[in-house]
Each structure stands twice: as structure tokens, then as C-alpha cells.
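I opened my notebook to look up a few places in one protein chain. My notes follow in the order I made them.

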Amino acid sequence: MTTPPPLKCAACRVNPVAWTKPRVDFCYACLPGGPFTPPPCRGCGSTDAYFSQGRCERCHPGAPLYMGSCRGCLAWGVYRRHSWLCWTCRWWRSHYPVGTCAYCDRTTSINGSGACRLCWENARRVQQPGRAVHPEDADRHGQQLFLANLQYDTTGAHRRRLARERHERVHRPTDEPLALTGWRQPLLFRLPPHFAAVKKRALTQDSPLLRHCTPTLREHAERHGWSKRQTNAVAHTLKLLDALQDSPGTKIRASDVLASTRYGATIVSTLEILDAAHLLEDDRTLAVERYFAQHTVGLPSGMTDQLQLWFDTMLRGSDKTPRRRARHVETIHMHILGMAPLWRTWAAQGHISFAEISTEDVTRALPVKGTNRVFADQGLRSLFTVLKAHRRVFTNPMRHLSAARPNATVPVPLDTQRIRDALNSPNPACALAVALVAFHALTGPELQALTVTDIVDGRLRIGPRTIPLAGPVKSRLVAYLDHRQRTWPQSINPHLFISRKTAGRTRAVGRQFPWVEIGVTSQALRDDRILQEIYATGGDVRRLCDFFGIGITAAMRYRSVLDQTDTEAGSDAARGTHAST
């Protein structure tokens, strides 16, 4: 029966406890009043790698590096960390069933000849060249034990020499920069490369791209706290891209990096390294560009040119007369969603340009009501304003039409129990995010943009506003910062909220973090907080604007809830008075 490993330290949860008998719940580094220097090992006298109970990692029976015999072949020289199995027996366990050996009666993995690995190795030891293996003859006079992981390493020295040469070839310093060409050889036709050939080429071939990017990769990985696994994955991806490149000496296109996922490549981290090394050619298209192209296919050329002018102006803006600022991609998406059915209708009626569209055509094509009418109205006003400014149409048919107004919504308070459950979430990030919104009504974009330096001395600075943090928010902030330091101690991300994907980078988390885990949206929590302020102040609109940083129109929207409540209360009182009389 093997010795179980000792418990983890109650403070760091990483190192084992210093002693189990007598019981000590801390390691030597976390002992109160410490850290202390561990004593020498009682078994070998080593002063390095202390484990627990006065012994080092190689002498303690519960340590990962404690050496013993293989459970499969009884060979000596395997570690506890490898489940007491040598490499060959690990392979046997994954390929052969468990049964009783026909020659030694042990219950273990049995090959097709009915022999365990110990009997099979003894038979191979006395096997004559060119003859079959006979385990019954080898076990006639007993069994010979052996050392683990040495039976099949006949070319170990050769493999180690090749690995050393590959390491020196990849990591040798070079003063010659990667020679970049200003041209790219176009392909006559493209054939998908063979999967095995690409993998073999990436593993065996020298990679000038990896040699050029190695200093950048090392510096970036060390600065952002990347793990060794992530760094090696990026290095492997660079070798894959070098093997897949059609025109050596040119920059790597982002679309080629995205297409290399079929070979097991790492995308985001590799794009960061290529961009830092100035070797990235970003040819990716935005989702809104694909959406626009999908809804303009088949339109007349005149309409297509005018729509392309509007789309480029909205997406990138214009610094020349007529000047116009770029709009958010979601705004453009909503405009296309509302206008696309109208484009198709006018094209089907025979119109070839938006200059032919009149106010009557717009009135007949617009939906009667609903959200689609609002989107279509806003999109057409944007479209004809841009076309009129660039003199592509004679008149603006939307000029004399009244703007469609969206349906007004009424904020609704949340269930108090749901808010309480979210505040007490076991995830520190969820609890802090809910507390910031529930007590101080922060918006989702404000939470994403928060940095660690925005909170100083218990006060939160958001633009011109300075918000004293409430007590429950401070306690959850401390818990989250401790969790962040324990989980990602090497992260240099300046944002307050980080996740597993953003800890090794400097960008903010996504909009759904961490709300998708809670089941409550930030906007619903914010509405609930503002409604509570409305009820507490009796509908003070000026205080709402100053306290939450909202405009008069938004404040009046929340104020209408109080008016509606007063009206319903008055109606109930009137009905009660009428009933009593």
C-alpha cells in the first residue's frame, strides 16, 4: 500500500505542509513569523527540495519524485508522479486488455500471445536472431528484472544529438534580419497540402521565420507571464506558417494564420508576435463588411456604388470635405438590417440609382410600425445625408418626413433575492461586478474599461466623477484582488477585470464577462439601482444626472416610473373613497 501524499499548506495551497506528525498546517515559507529555512533531509542530508516530514522530494514516500518499481513489469526506476508505470507499460495499458498472464499468473496487461510485459521482455532477452519469441522457455529458470525505460532506447544517444542540434539551430543568435521581398508570387491554382507532410516539415525543417521571431517571442512571453506551454505552441505555429508559406520572404497574412488551425496552430498569441515583429499583413475582413457584401449582391451597379460610398464613409469616416466621423459597427449593422429589404424592393421595381427615389417611394416602402420601421428610417436618413453631401443625389427624400420614434420602454426593478444571490457568488469576479453595478450603477463599458489604478484610497474615478466605494464593494474588491494575484501573479494587464484569455495580454475582457455566469445583465442591475434612487429622492432629476452621469432624457425615463406609480396609487385611493361612500 503506497503512502498518501501530505496535505497542502493552508496559506499558499501549493507546497505540502512541513510536518504531519506532529500536525503543522503550514509550509516553512508560510509559517507564522517566517519564512524559515527548511532543515536538511533526514534520509540523504540534502538541503534542496524539502518536501515534508523532514524528507526531500526523493526520500519522502508520498513525494512525486519518490522512486519505486513499475506496477506492470516490476522494473526499477519509475516515479510516483507517473503513477508507478514506465513508458512502455503506459503504452501496453492503452493498447492491451487486462488479464492473467499465461506464464507467471500475474494480473496485468496481456498482449496477443498471452504474456505480460515482464515475461515478454525475458523472452526477448534470450531470443535467437530470426526465431520467434517463446516466453515459456525464458521463464523456465526464473525471471530477470531490469531497469525501467532502457529496453527500447537503442538509439538514445543519436536522438539526443539530433535534438541538441535542432535546439542550437533554432536558438543560435543571428545578426542577419529576415529578408523581406516587396512582391508576392500569385498562385495559378491552390492544392491543399498533405497534413502529415506539413507536420513533418514543420518538425524537421529549419525555420528562418522562427529564428527571426525568437527574440520577440521570448521578450513578449516573459513580459506578459506566458507559460512554457503557450510559448512553445506559438513557436510551433511559426514553424507551421513557415512550412505553409507560398512565397518565402513575404509578410504573413492574417488569413493564413486563421487557416492554420487545422494543423493545431495557436491563433491569437501568434498574431500578437507577428505584429510585434512587424511581419503581419492584416487582411482580415470585419463581420459588418461581410454582412454588407451579402446584402448588396445582385443590386444594380449604380446603387452598389452609392451604397459602397456610404458604407466606407460610415465605417472609416472622412477627413476631407464633407467631413464625417466614423460610426460604430453595430450602428452600421442596424442601418443595413433596416434598409436591405427596401433596396431589394426598389431594385425589383426597376430603379438603378438612389437619385430616382422620391418621398412617395420611401413612404410606400417603409414598414408600417415596429422596430424595422425605426431601423429603416434611421438608415435611410444616414444614407441620403451622405449621398447628398457627396452630390450623388439631387434631393434628400427623407427631409420632409417625420422621424420614426422607437417604442418607449419602462424600467422594471429586479427581484431582491436574485441580486442577493449574485452578490454572494462564489466567483470573486462575479461578486465584485455585481456589487459595482448594484451599489454605484456602473455601465457595462465602464466595467470593461476599469483599470487597477482607477481605484485609490477607497474611491473610484470614472472620467470627471469620483465615487466613494461602499463597504460591501470594498470587501469584494479585496477578495477579488487576492484571487487575481493568486491565479495570475505574472499578469501585466492593467484592467481590473481579467480572465484566462486576457491575463496574458493587455486588452479588456468581453462584454459578456462575467454576466453570462450570473444570469443577470448589467443593464438590468443598473436600472434597478437608478429606480431605487428615484424612490428614495422623490424623483429628483438633477440628482440623478449628477450622481449617475446620465442626461435629462434618460433621467425623465426613470422619473416616469414614479409618476406612473403615483397615478396608480391615486386611482386606488379614489376607488376606495368611492366604495366607502
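Where is Leu-147 found? I looked it up and placed Leu-147 in the loop between α3 (135–138) and α4 (156–171). I kept in mind that this is a predicted model.

Next I asked how open Leu-147 is. Its relative accessibility is 49%. Exposed would need over 50%, so Leu-147 counts as partly exposed.

I then checked its surroundings on the surface. Leu-147 forms a nonpolar patch there with Trp-76 and Leu-150. Together the three have about 330 Å² of accessible area.

I moved on to Glu-136. This residue lies in helix α3. I noted a relative accessible area of 39% for Glu-136, which makes it partly exposed. I also looked up a distance to Ala-404. The C-alpha atoms of Glu-136 and Ala-404 are separated by 92 Å. Along the chain, these two residues are 268 residues apart.

My last entry is on helix α14. I found it at residues 371–389, with 19 residues. From its first C-alpha to its last, α14 reaches 27 Å, close to the 27 Å expected at 1.5 Å a residue.

Which residues of α14 are buried? I listed several, including Val-374, Phe-375, Leu-380, Leu-383, Phe-384 and Leu-387. Asp-377 is also among the buried residues. In an α-helix, residues three or four places apart point the same way, because there are 3.6 residues a turn.

I also checked what the buried residues of α14 pack against: α11 (301–316), α12 (329–348) and α13 (359–365). After α14 comes Arg-391, and I noted that its phi is positive, near 60°.

Definitions and conventions. Residues are numbered from 1 along each chain as its sequence is written. This is a predicted model: local features need pLDDT of at least 70, side-chain atom pairs count only at pLDDT 80 or more; totals for chains, interfaces and linings use all residues. Side-chain values use heavy atoms; hydrogens and water are left out. Helices (H or I, at least four residues) and strands (E, at least two) are DSSP runs, numbered from the N terminus. The expected span of a helix is 1.5 Å times one less than its number of residues. Buried means under 20% relative accessible area, exposed over 50%, partly exposed in between (1.4 Å probe, protein chains only). Contact means heavy atoms within 4.5 Å. Patches are made of residues with over 30% relative accessible area and no salt bridge: like charges are joined within 9 Å, nonpolar side chains (Val, Leu, Ile, Met, Phe, Trp, Tyr) within 5 Å. Accessible areas come from the Shrake-Rupley method with a 1.4 Å probe; for residues, only the protein chains shown count as cover. A salt bridge is a side-chain nitrogen of Lys or Arg within 4 Å of a carboxyl oxygen of Asp or Glu.
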